[in-house]
Amino acid sequence: MNKTVLDKLKTYIYGFDVLEIDVFPAEGDPNSFDFIDREEDEVIASANFDEEGLANFSTYNDEESQTGPLKRDVLINKAYTFIDEFYPRDFSETLCLSALIDMDDFTMIVFNQKDKKFGFELPNSGVSFSIMPNGTISHVERDYHKVEVIYPKSCITAEKAKNIFLQELRLVPVIAKYDKDTYVNGDNRYYFVYEIEDYVMEVGADGKLQTIEMFGVERQQYAGKVYLSDPADLYTLAGLTEDHMKIYESKTKKGRIEVWSKKNKQELAVENAELAEIQLAIPDTVKLLFNQDGGLLRLLSEDNNANATMVTAEQALKKANEVISEEYTKNKSTFQLLQGDAELHHYTNEGQSEIYAYRFCYHRFEQGIKVQNAEIAIEISAKTGSLLRVETDQVIFADLSMLNIQQSITIEEAAETYKKGLSMELSWVKDLENGMYSLAFVPSFPQTKGHIRCINAISGEPWIIDTSCMEEFE
C-alpha cells in the first residue's frame, strides 16, 4: 500500500500527533490497516483498500472538540477536500452533492454520481461521510464501482406507473405509535390506523412490478392464535435448578439484568462487564433482562448438554408457547405465530448442515388488531430442548386496553387520502446483486415532502415521515 496515502490519513485523526501514530496491516487482511497510538498502544483509526483505492476509513477518538460546531458549508468543504485528496480525478469529477442529513450527534454527507443521458442520480455510487460538529471525519464509506446503467428501449408514463402501483396497494388495520422522532406532529401515543403495506418497491420503466418477494422477503402470514398451555415459572422454563446461583445482578438504562450459573465468577473466568452485556453469550450461564415492571425483554442461555435424541419442532413449539403463556399474557394480549421455517441450521467442519435450534416468532394482537413492531422471538435448542434466546420488543408491554378502535373512516376512504398525495418519480434503482442500475418509478409525495405511512382510522389524518433533518440537493 502507498505509504504516502497512509501518512495523509494520519492527518485526519483528531487529537494526535502524526509522529506518534504507527500503522500496521490488520491481522489476516493485507488490505486493511490499523492506526495505533504509540503512547497508549490503542487502535485509534482503521482503513480498508480495494482494487479501486480507499474503500473506507474510520476514526475512534472519543475526545470532545474544543471548537465547533462548524457551519454546514464548512463541513461540506471538508468532505470535498477529502475526496480531492484521496480519490482519482475521473471519479471525483463525476460526483455531485446528494444529501446532508442531521443525525444530532454528527452530520452525514452523501455524494453520488449521475447518469450521462438523463442526469438522474445513481444511488449508492459515490462516497458518504460522517462528520462530527467540530469537523472531525469519523467515517468515510466509498461505494464506487464502475457503474453500469441499463437504458430502457421505451418507458411508460408516470400516470400509468401510478395506476399499476395502486392496483397492488394494500392498507392494513394496525395499532401503531405516533412516534415523535419519526412522524410530523407525532405525540408518542398509540392509535388505531391503516398502515400502507410494504409490498411493491417500485414500478419498472417497462411497467413491471418490483415487489419485496423479489428481494427474498415474504408477506407475513400467520398460523393462527397461539394455543396457550398452563403457565410455568420462567426460571424453570429457562432451565434453572436448585444448583444454579445468581452470580450477578445490576440495574442499567436497559433494565435489570440477572445472570445465573452453576459456576461462580472465578470458575467462569469472567468480569462484571462481560456479565452485564446482555448480548454477550457466556457458556454455562443464563442471562435475563427485565424492564422496570419486571417484564422479560431478553434471555440468553448457553446450554451444551445434549439429549440422547433430538427435540422435534412440535416439542420445541410447546416449550415456546409455555414462555408466552407465563410471561406475556398478563395484560390479556393475544399472540399469533408467524408462519415460516422454524429450523435454524449451522454447519459442521465437514460442511454438513444440522439443526441446532428452532426459532418461533410471535406477533401481538390487541382487541383483534395487530400491534405494529410488537414481536417476540424465541429459540429452543434442538439438542437439549432448553430455552436459548428470547428477544422482545418493548411495545409488547404497552397497556392498550383502553384504546379506541371504533373506526370513523373506511379503508377505501383512507386509500383515497393516500392516492391524492401520491406521485411516481422516475429514478435509477440499483440491483445490489449485480450492481447494475435500471430505471423505475418510485413512490413520491411532493406535497408533504415526506412519505405517508399510515392514515388515522378515526380522524383520517395522514401520518407523514418527518424528513426535516435531511437536505437534498439537485
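Predicted model: local features only at pLDDT ≥ 70, side-chain atom pairs only at ≥ 80, totals over all residues.
The chain comprises nine helices and 28 strands. Its C-alpha trace extends over about 70 × 65 × 50 Å along the principal axes. Of the 474 residues, 43% count as buried. When contacts between residues at least 6 apart in sequence are considered, 54% of them join residues at least 24 apart.

An open sheet is formed by nine strands in the order 1-2-3-4-8-7-6-5-28, with antiparallel pairing. Strand 1 and strand 28 (470-472) lie at the edges; each has a single partner strand, so one side of each has no neighbour in the sheet. From one strand to the next the twist averages 25 degrees. Within this sheet, strand 1 and strand 2 are paired in the antiparallel sense over six bridges, and Asp22 stands opposite Ile36 in strand 2. These two strands form a hairpin with two residues between them, in which Gly28 adopts a positive phi near 80 degrees. Strand 2 is also paired with strand 3, again antiparallel and over six bridges; here Ser32 stands opposite Asn48 in strand 3.

Helix 2 lies across strand 4, strand 5 (95-102), strand 6 (107-114), strand 7 (121-131), strand 8 (137-142) and strand 28, and runs at about 50 degrees to strand 6. In helix 1 (residues 3-10), the residues Leu6, Leu9 and Lys10 are buried. They are on the same side of helix 1, because the arc they cover around the axis is only 110 degrees. The cover over the buried residues of helix 1 includes strand 1 (21-26), strand 2 (29-37), strand 3 (42-50), strand 4 (53-59) and helix 2 (72-86).

Nonpolar side chains in soluble globular proteins tend to be buried together. The largest nonpolar core in the model has 67 residues, of which Tyr328, Phe360, Tyr362, Ile376 and Ile378 touch the most other members. Strand 22 (residues 369-381) supplies the largest share of this core, six residues. A second, separate core contains 32 residues, including Ile21, Leu54, Ile76 and Phe82. With neighbours within four places in sequence left aside, Ile378 is in contact with Ala320, Val323, Ile324, Tyr358, Arg359, Phe360, Tyr362, Leu387, Arg389 and Val390.

Gln336 belongs to strand 19 (residues 334-338). Its relative accessibility is 18%, and Gln336 therefore counts as buried, the cut-off being under 20%. Apart from residues up to four places away in sequence, Gln336 touches Tyr222, Gly224, Lys225, Val226, Cys361, Tyr362, His363 and Phe365.

Trp428 is placed in strand 24 (residues 423-430) and, at 3% relative accessibility, counts as buried. Not counting residues up to four places away in sequence, Trp428 touches Asp115, Phe118, Phe120, Glu121, Leu122, Pro123, Val149, Ile150, Tyr151, Tyr437, Ser438 and Leu439. With one of these residues, Asp115, the side chain of Trp428 makes a polar contact of 2.9 Å. Trp428 and Lys114 are separated by 314 residues in sequence, whereas their C-alpha atoms are 9.4 Å apart in space. Strand 24 runs antiparallel to strand 25 (residues 436-444) and is joined to strand 25 by eight bridges; in this pair, Leu426 stands opposite Phe441. The two strands form a hairpin with five residues between them, and Gly435 in the turn has a positive phi of about 75 degrees.

Positive phi values also occur in residues other than glycine. Asn124, in strand 7, has a phi near 55 degrees. With a relative accessible area of 40%, Asn124 is partly exposed. Lys449, which is not a glycine, has a positive phi of about 60 degrees and is found in the loop between strand 25 and strand 26 (452-456). At 68% relative accessibility, Lys449 counts as exposed.

Methods
Residues numbered from 1 in each chain as written. Heavy atoms only, no water. Core = buried A, V, L, I, M, F, W, Y, C linked by side-chain atoms within 4.5 Å. Buried < 20%, exposed > 50% of the residue type's maximum accessible area, 1.4 Å probe, protein only. Helix = DSSP H or I, 4+ residues; strand = E, 2+ residues; numbered from the N terminus. Contact = heavy atoms within 4.5 Å. Arc of directions from axis to C-beta. Pairing = 2+ DSSP bridges. Axes fitted to C-alpha atoms, helices over the stretch in contact; angles between N-to-C directions. Polar contact = N/O pair within 3.5 Å; in protein donor to acceptor, adjacent residues only side chain to side chain.
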